Amino acid sequence: MSGLGFDAMGFDTPAVLWLLLLGLLPLWRHGQSVLRHPAMLLMPEDRWSRALSWALRLIGMLCVVALVLGMAGLHLRQSEIERVGHGAHIMVVLDRSASMNDDFAGKYIQATDAVQSPSKLKAAREVLAKFIESRQQDLVGLITFSTSPVFVLPLTHDQVALKAALDSAEAQGMGFTAVARGLGMALDYFKGKPVTGARLILLVSDGGAHIDSQTQDRIRSWFASEHAALAWIYIRGTNSPSIFVQPGEGDDAASAPEYFLHEYFKTLGVPYQAYEAENPRALEAALRDVGKMHNLPSHYFEKQPRRDLAGICYAAALLLLALLYGAKRMEISQWHA
Amino acid sequence: MKQGWRLRIAEAPGRALLLAACILMLPVFLHPQLPLPRKVFSVGFVIDITQSMNVRDGGPGGVARLAFARQSVRDALRHLPCGSLVSIGMFTERDVSMLFKPMEVCAHFSVLDEAVERLDWRMAWAADSFITHGLYRGIEETRKLKLDTLVFLTDGQQAPPANPRYMPVFDGKPGEVSGIIAGVGGLQRQAIPKLDENDNITGYWVPEDAMQFATFGMSHVQSVLEMEGYHGRNAPHGAHPEGSYTEHMSALDEKGLQELAKITGLHYLHLQDKAQLADALRQNTLHRQWVASDIRPVFAGLALLLLLASYFPAFISSLFKKGKP
């Protein structure tokens with residue numbers, strides 16, 4: 001816990017705190033029944049009686065304070081504690097260009113004829129969601145790209161948010177895929193942040209794009225300076241070429257961009273793995289492998305949920321009320337003797 | 001019997017009140033809850049990220065319209081009550097793209113806040129800005145995500161100029177999706193800047209950069225002879241089409257946005273201070289929901305009242321004596 005400072009605490013309805021002013025009432029009123037008796041005048045002033053009287057007032061004041069703090073909803077704010085575990089900081093760069101709407105090239109094993117085979121994007125989303133769910137210690141962020149890159153989520157442990165983002169990642173845009181700008185955006189996110197864990201950029205796309213040599217150099221230097229590793233899961237669609245097989249004579253970066261992109265990634269000088277996924281199973285296997293490779297010690301923050309302190313306030317108030325009641329019971333209402 | 005307790009209170013009011021206060025405090029420890037109506041919102045924020053939003057007349061101090069729109073949304077996020085649902089989206093070309101499904105604002109505040117902070121004009125997938133199409137799509141998305149409210153932040157800049165005879169028809173019910181069209185920017189026409197990688201201004205749009213008249217659609221002129229330079233396919237607008245020839249400049253198009261507000265049943269607001277948005281949301285789009293609420297403060301409040309009353313024993317005593325037959 002990052003210190004128990006004042007800002008670690010909060011109130012649900014701070015406006016209620018104005019009632020604290022009522023705590024001044026016991027200074028003005030003692031609240032005891034007054035018994036008049038002529039003999040009172042003869043009694044000497046008793047220090048212990050005075051002290052008792054003020055103690056009772058103090059208890060009354062504290063009781064008001066406890067009740068008001070409780071009513072205002074005093075709580076310890078949600079906090080984060082730093083832990084060291086195994087995991088990685090993974091920026092997912094997901095292709096959502098129009099071609100991701102097509103289905104896989106390979107046979108989808110589970111699909112019967114009645115069930116339409118899933119689009120590449122849908123399969124990627126589902127498998128990524130499962131992957132994220134299985135890796136609670138990772139920080140995961142999301143960038144999507146088609147014609148342009150879109151920053152969706154920063155690195156976070158927020159699994160609900162990641163799921164909400166993956167769910168709404170629909171294919172959009174034209175066939176053109178802005179791979180370079182997507183990678184640039186991911187690297188830019190790491191820029192200037194302390195390296196507290198293994199950084200991985202996880203590119204999930206069904207196609208490559210030609211990156212000009214100037215941009216290639218720039219991305220290479222960013223990868224080096226941000227100490228980020230790269231994994232590319234190439235979702236191989238219908239009639240798409242393999243990234244591992246050298247294309248025939250006469251093919252260049254324009255006609256077979258995937259192969260040349262893979263060749264370029266190999267020259268980045270940072271850890272790089274490439275996978276070809278021709279069906280959801282292969283996709284899942286690739287992600288599992290990525291997970292294994294990037295299980296390095298990393299710092300991460302564990303959320304401590306907010307803690308209600310109102311209950312403690314109420315308990316204190318009840319105790320003080322009971323004390324006051326006890327004192328009242330000992331009060332005499334008549335002179336007997 | 002009845003007289004008995006009255007008498008006892010009258011005789012020892014402090015004792016009775018404090019005992020009652022103690023008893024009232026007991027249920028508190030059972031965490032009583034009661035469904036109570038609470039104001040929550042479900043809002044889709046859509047920010048225009050087209051290039052005219054880079055004009056630096058958004059807010060005080062020459063903030064760009066886009067930056068000001070972001071600030072306003074982030075401020076509104078901070079003021080939404082917990083339990084509210086929020087989704088963030090952006091508009092460019094004719095389309096709206098939502099970043100994620102709606103999320104609860106308090107639990108997911110940090111990611112929502114950062115997603116808004118990072119909305120950038122470079123994310124635009126095309127440079128066109130068909131505002132009417134975009135707004136209708138925003139309403140459609142809002143409905144699809146089962147949100148009640150749309151907040152659409154834009155300067156209303158249409159680019160390229162649209163042919164008024166080819167505008168989409170609003171097919172929703174006006175007011176079915178409530179919300180705000182928040183106009184951002186100044187009313188004075190300003191040149192649209194060109195920005196470099198670090199958002200420094202490197203130049204401004206010149207008349208030749210922008211399409212100055214609508215080129216889409218069939219001509220409304222019936223006779224070819226009436227129009228010089230007419231070509232049915234390539235130049236239906238003739239050689240000297242009507243146009244303002246100021247399309248490389250941009251000002252907040254209040255008239256256009258007010259018109260759209262009327263058609264869609266949304267509320268138009270000229271956003272000039274970032275705090276305005278949260279206020280406008282509260283006023284325009286109230287939504288009550290029954291939420292199981294903590295009612296411990298009710299018991300504590302009553303106990304507090306009794307405790308305070310115990311400091312006025314004579315008064316309490318007189319209250320109960322009066323009832324004596």
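## Domains of the two chains

Chain A is divided into domain 1 (6-77 + 305-330) and domain 2 (79-302), with bounds that come from an automatic or database domain assignment. The model is a predicted one, in which local features need pLDDT of at least 70 and side-chain atom pairs count only at pLDDT 80 or more, while totals for chains, interfaces and linings use all residues. Residues are numbered from 1 along each chain as its sequence is written, and chains are lettered from A and ligands numbered from 1 in the order in which they are written. Chain B is likewise divided into two domains, and the table sets out the separation of the domain centres, taken over C-alpha atoms, for each chain.

| Chain | Domain 1 | Domain 2 | Distance between C-alpha centres |
|---|---|---|---|
| Chain A | 6-77 + 305-330 | 79-302 | 61 Å |
| Chain B | 2-32 + 295-322 | 37-212 + 247-290 | 55 Å |

## A sheet in chain A

In chain A, 3 strands form an open antiparallel sheet in the order E1-E2-E10, where strands are DSSP runs (E, at least two residues) and helices are DSSP runs (H or I, at least four residues), numbered from the N terminus. Strand E1 (9-11) and strand E10 (307-308) of chain A are the edge strands, each pairing on one side only; two strands pair if DSSP finds at least two bridges between them. E1(A) pairs with strand E2 (residues 74-76) of chain A over 3 bridges in the antiparallel sense, and A:Met9 stands opposite A:Leu76 in E2(A).

The secondary structure of chain B comes to 9 helices and 13 strands. Of the 325 residues in chain B, 41% are buried, a residue being buried if 20 or more other C-beta atoms, placed from the backbone, lie within 10 Å of its own.

Strand E2 (42-48) of chain B has 7 of its 7 residues buried. B:Ser42, B:Gly44, B:Val46 and B:Asp48 lie on one side, and B:Val43, B:Phe45 and B:Ile47 on the other. E2(B) pairs in the parallel sense with E3(B) over 7 bridges and with E6(B) over 5 bridges.

Helix H5 (residues 131-144) of chain B has 14 residues and reaches 20 Å from its first C-alpha to its last, close to the 20 Å expected at 1.5 Å a residue, that is, 1.5 Å times one less than the number of residues. Because 10 of its 14 residues are buried, H5(B) is largely enclosed by the rest of the structure. Among the buried residues are B:Leu135, B:Tyr136, B:Arg137 and B:Glu141, and the elements that cover the buried residues of H5(B) include strand E2 (42-48) and helix H6 (254-264) of chain B. Just after H5(B), B:Lys146 takes a positive phi of about 60°.

## Where the chains meet

The contact takes 41 residues from chain A and 38 residues from chain B, two residues being in contact if their C-beta atoms, placed from the backbone, lie within 7 Å. On the side of chain A that touches chain B, the largest share, 10 residues, comes from H9(A). By class, that side has 25 nonpolar, 11 polar and 5 charged residues, with Ala, Val, Leu, Ile, Met, Phe, Trp, Tyr, Cys and Pro counted as nonpolar, Asp, Glu, Lys and Arg as charged, and the others, Gly among them, as polar.

Methods:
Buried ≥ 20, exposed ≤ 12 C-beta atoms within 10 Å, placed from the backbone.
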